[in-house]
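Hi,

Here is the model I said I would pass on.

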Amino acid sequence: MSTDKTGFEVPEQMRDFAEKSVDQARKAFDDFMGATHKAVSNVEDSASAVQAGAADANKKALNYAEEHVNAAFKFAQELVQAGNVEDMMKLQQSYLRNQMETLGEQAREFSNTASKAVQDATKAAQKK
């Protein structure tokens, strides 16, 4: 045991206990930081997956809008070239039928895209 100038001695057991306490606190802190880094990484992975899914959905929505505008212009061109009201009605009926079919397909594709984005985000969150 060591003695300082004031005559106070720190027992070796107390120093060992203090050293072990510091080591345990350090290990607990390191474990906490490891868990924190892992949680942050999971959130980042999930956010990346969600962003990728959202970007894909945005591209699809833009493509769908472009398809609808093109179809509308085509319909307008055909309509102005129609010779009579009967032809105009047939064109309109055909246009509406095609648009409804297209909307149904696009809704299914969009739903699949959204489902995939959710699944990818879930997988990314569970991965770590």
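In which helix do Lys27 and Asp31 lie, and how many residues apart are they? Both are in helix α1, 4 residues apart, or about one turn of the helix. The two form a salt bridge, with 2.9 Å between the closest N and O atoms. Asp31 is partly exposed, at 44% relative accessible area.

Before going further, do keep in mind that this is a predicted model.

Now the overall picture. The protein chain has 2 helices and 0 strands. Its radius of gyration is 34 Å, well over the 14 Å that the globule rule gives for 128 residues, so the chain is more spread out than a compact globule. The C-alpha trace spans about 115 × 25 × 10 Å along its principal axes. As for burial, 12% of the 128 residues count as buried.

One of the buried residues is Ser41, with a relative accessible area of 18%, and its place is in helix α1. I also checked Ser41 against Asp56: they are 15 residues apart in sequence, and C-alpha to C-alpha the separation in space is 22 Å.

Back to the salt bridges, where the count comes to 3. Besides the Lys27 and Asp31 pair, here is what I have:

- Lys74 bridges to Glu78, the closest N and O atoms being 3.9 Å apart. These two are 4 residues apart in helix α1, so about one helical turn separates them. Glu78 is partly exposed, with a relative accessible area of 31%.
- Lys90 and Glu86 meet through their side chains at 3.5 Å, N to O. This pair lies in helix α2, again 4 residues apart and about one turn of the helix. Lys90 is partly exposed at 49% relative accessible area, whereas Glu86 is exposed at 52%, because the cut-off for exposed is over 50%.

Which of the elements gives the most to the negative patch? That is α2, with 3 residues. On the α1 side, Glu66 has its place in that helix, and at 49% relative accessibility Glu66 counts as partly exposed.

That's everything from my side for now.

Cheers

Methods
Residues are numbered from 1 along each chain as its sequence is written. This is a predicted model: local features need pLDDT of at least 70, side-chain atom pairs count only at pLDDT 80 or more; totals for chains, interfaces and linings use all residues. Side-chain values use heavy atoms; hydrogens and water are left out. Buried means under 20% relative accessible area, exposed over 50%, partly exposed in between (1.4 Å probe, protein chains only). The radius of gyration is taken over C-alpha atoms; the globule rule is 2.2 Å times the number of residues to the power 0.38. A salt bridge is a side-chain nitrogen of Lys or Arg within 4 Å of a carboxyl oxygen of Asp or Glu.
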